[in-house]
Amino acid sequence: MSIKYAILGLLHYKDMHGYRIKSHIERNFGHMWSINFGQIYPNLRTLLDEELVTMKVVATPGEKGPGRKLYSITDKGKMAFAQWLAAPPEKNMILRDPFLMRFIFYGFGDPGDALAAIEHQMDIYREQLDLRRENLGHWQSHDDYVRLMAELGVSFNTMIIEWLEKARREIAELEQKQAAAAKTGTADS
């Protein structure tokens, strides 16, 4: 997903500063995309240079230092966003999860370590699921597309937790078989 167009899309809802954009993406779209400040601010500068957004400094009462930079989408930005929205997607679905990349190679390690990592990951996905379920009520009042995406987040977390539970059961059985084979001195077949 292009950060440029994600920012333009979010600015359709309301004017935002960079931190709010990042936290909104993490909280609501974390199941499909991660982002860091090193990506947000250069893209905001590019959007300013291309006149797709405007920026104004807003004083923050009670806070020291410079005010926050509040970004707004321009008409030119709305047109560029509409063109992007109408174009076909750039790629097939890509799921980037560092745990899943590591999971592929757990067969080279100790099953106990794999089980511990699975447990840890399940805790993370359960926390995300709880948050997504809480937010789902909020997203029900938005348009159908936002609501459907929120439902996808809940479904995704539910599905991956179920898969992790299955993986945990199978790896625990494998670990038991290996332990039994080690006790009897037989090779695992």
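1. In this predicted model, the side chains of E151 and R147 meet in a salt bridge, with 2.9 Å from N to O, where a salt bridge stands for a side-chain nitrogen of Lys or Arg within 4 Å of a carboxyl oxygen of Asp or Glu. Both residues belong to helix α7 and sit four residues apart, about one turn of the helix; helices here are DSSP runs of H or I with at least four residues, numbered from the N terminus. E151 counts as partly exposed because its relative accessibility is 28%, given that buried means under 20% relative accessible area, exposed over 50%, and partly exposed in between, with a 1.4 Å probe and protein chains only.

2. Residues are numbered from 1 along each chain as its sequence is written, and side-chain values use heavy atoms, with hydrogens and water left out. As the model is predicted, local features need pLDDT of at least 70 and side-chain atom pairs count only at pLDDT 80 or more, while totals for chains, interfaces and linings use all residues.

3. R147 also forms a salt bridge with D144, and the closest N and O atoms of this pair are 3.6 Å apart. The two are three residues apart in helix α7 (residues 144–184), so about one helical turn separates R147 from D144. R147 counts as buried, because its relative accessibility is 18%, whereas D144 is partly exposed, with a relative accessible area of 49%. Once its neighbours within four places in sequence are left aside, R147 is in contact with L136, W139 and Q140, contact being heavy atoms within 4.5 Å.

4. The spacing of these partners follows a general rule: an α-helix has 3.6 residues a turn, so residues three or four places apart point the same way. Elsewhere, salt bridges that share partners join D123, R126 and E165 into one network, and the structure holds seven salt bridges.

5. How do the helices α6 and α7 lie relative to each other, and at what angle do their axes cross? The axes of helix α6 (residues 111–139) and α7 come within 9 Å and cross at roughly 160 degrees, where axes are lines fitted to C-alpha atoms, for helices over the stretch in contact, and angles run from 0 to 180 degrees between N-to-C directions. The helices α6 and α7 are therefore roughly antiparallel to each other, since angles under 35 degrees count as roughly parallel, over 145 as roughly antiparallel, 65 to 115 as roughly perpendicular and the rest as oblique. The crossing of α6 and α7 is left-handed, a term used if the near helix is turned anticlockwise from the far one by less than a right angle, with clockwise giving right-handed.

6. Helix α1 (residues 3–13) is mostly covered, as nine of its eleven residues are buried; among them are I3, Y5, L8 and L11. The axes of α1 and α4 come within 10 Å and cross at roughly 120 degrees, and the two helices are therefore oblique to each other. Their crossing is left-handed, and the contact is made by Y5, L8, G9 and H12 of α1 together with G77, K78, A80, F81 and W84 of α4.

7. Aromatic rings deserve a separate point. Rings of Phe, Tyr and Trp (its six-membered ring) pair if their centres lie within 6.5 Å, and planes under 30 degrees apart count as stacked, over 60 as edge-to-face and the rest as tilted; by this rule the count comes to eight aromatic pairs. One of these is the tilted pair of F81 and W84, at 5.5 Å centre to centre and 40 degrees between the planes. F81 and W84 are three residues apart in helix α4 (residues 75–86), so they are separated by about one helical turn, and both are buried. The rings of F103 and Y106 have their centres 6.0 Å apart and their planes at 85 degrees, so this pair is edge-to-face. Y106 counts as buried, at 18% relative accessibility, and ring pairs link F99, F103, Y106 and W163 into a cluster.
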